[in-house]
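Trainee: I've got this one open and I'm new to it. Can you walk me through it?
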Amino acid sequence: MAEEKGLFVQEAEAPLGSDEAGLENLTDQYLICISDGLFYGIDAEKVETIITDHTITRLPRVPHYVRGIINLRGQIIPVIDIRLRLGKPQAEESCIMVVNEGADCMGILVDGVDKMVGIRRDSILPMPTQNPQKLISGMCSLPDGGTLLILDCGLLLHE
């Protein structure tokens, strides 16, 4: 049975046909990453891999937030520094989350990866209209009192 704890769902096997089997359809899995002290949620189905030690090849004449490219198993992948993209200072230590967004594949440089959580869809609130941040598609509260910002990976490559 899926045990509901506030906004989050701890998954377990629910018998088919039970009311709780439908709860899984109302829940999405997010991988929580940390950048500049903020928690960002990325749809877990889009995350391909996490790289902790990889050389980034710098490119000339790209936007300031594109740190360069990596060669991952023969595929050339642009790497976006989420701190720079959001107007924050660059971090010294970080890891790369490789994400598939439709036909595009990109690396997102983050400070670290925390954990995977199931979040009920109805608990995700839209961003306030006065907030100019267009890379965030929604937000929700975490059990420890923090806030999770849902990152729209498709907008990272676009100005």
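This is a predicted model: local features need pLDDT of at least 70, side-chain atom pairs count only at pLDDT 80 or more; totals for chains, interfaces and linings use all residues.

Trainee: What is the phi of Arg 61 like?
Mentor: Positive, about 60°, although Arg 61 is not a glycine.

Trainee: And is Arg 61 buried or exposed?
Mentor: Arg 61 counts as exposed, because its relative accessibility is 85% and anything over 50% goes in that class.

Trainee: Which residue other than glycine has a positive phi near 50°?
Mentor: That's Arg 73. You'll find Arg 73 in the loop between β6 and β7. With 65% relative accessibility, Arg 73 counts as exposed.

Trainee: OK, on to the sheet. What's the strand order?
Mentor: The order is β5-β8-β9-β7-β6, in an open sheet of five strands with mixed pairing.

Trainee: Which strands stand at the edges?
Mentor: β5 (47-51) and β6 (66-72) do; each has a single partner strand, so one side of each is left without a neighbour in the sheet. From one strand to the next, the twist averages 30°.

Trainee: How do β5 and β8 run?
Mentor: They run antiparallel, joined by four bridges. If you want a spot to look at, Thr 49 stands opposite Val 98 in β8.

Trainee: And how many bridges are there between β8 and β9?
Mentor: Seven, and the pairing is antiparallel. Asn 100, for instance, stands opposite Cys 105 in β9. These two strands form a hairpin with two residues between them, and Gly 102 in the turn has a positive phi of about 65°.

Trainee: In which sense do β7 and β9 pair?
Mentor: Parallel: β7 (residues 75-81) and β9 (residues 104-110) pair that way over three bridges. Val 79 stands opposite Gly 107 in β9.

Trainee: Then let's talk about the inside. Which residues in the largest nonpolar core touch the most other members?
Mentor: Tyr 40, Ile 42, Met 97, Ile 108 and Leu 151, out of 24 residues in that core. At least two residues each come from β3 (27-35), β4 (38-43), α1 (82-85), β8 (95-101), β9 and β12 (147-151).

Trainee: What does Ile 108 touch?
Mentor: Leaving out residues up to four places away in sequence, its contacts include Ile 42, Ile 80, Met 97, Val 99, Leu 151 and Leu 156. Apart from that core lies another one, of nine residues, among them Ile 70, Val 98, Cys 105 and Leu 109.

Trainee: How many aromatic pairs does the count come to?
Mentor: Zero, by the rule used here. There is a charge over a ring, though: the charged end of Arg 85 sits over the ring of Tyr 65, 4.5 Å from its centre.

Trainee: Last one: where is Ala 91?
Mentor: In the loop between α1 and β8. Ala 91 counts as buried because its relative accessibility is 17%.

Trainee: What is Ala 91 in contact with?
Mentor: Arg 83 and Asp 111, leaving aside neighbours within four places in sequence. Also look at Asp 36: Ala 91 and Asp 36 are 55 residues apart in sequence and 8.2 Å apart in space, C-alpha to C-alpha.

Methods:
Residues are numbered from 1 along each chain as its sequence is written. Side-chain values use heavy atoms; hydrogens and water are left out. Two strands pair if DSSP finds at least two bridges between them. Axes are lines fitted to C-alpha atoms, for helices over the stretch in contact, and angles run from 0 to 180 degrees between N-to-C directions. A nonpolar core is a set of buried Ala, Val, Leu, Ile, Met, Phe, Trp, Tyr and Cys residues joined through side-chain atoms within 4.5 Å. Buried means under 20% relative accessible area, exposed over 50%, partly exposed in between (1.4 Å probe, protein chains only). Contact means heavy atoms within 4.5 Å. Rings of Phe, Tyr and Trp (its six-membered ring) pair if their centres lie within 6.5 Å; planes under 30 degrees apart count as stacked, over 60 as edge-to-face and the rest as tilted. A charge sits over a ring if NZ of Lys or CZ of Arg is within 6 Å of the ring centre and within 35 degrees of the ring normal.
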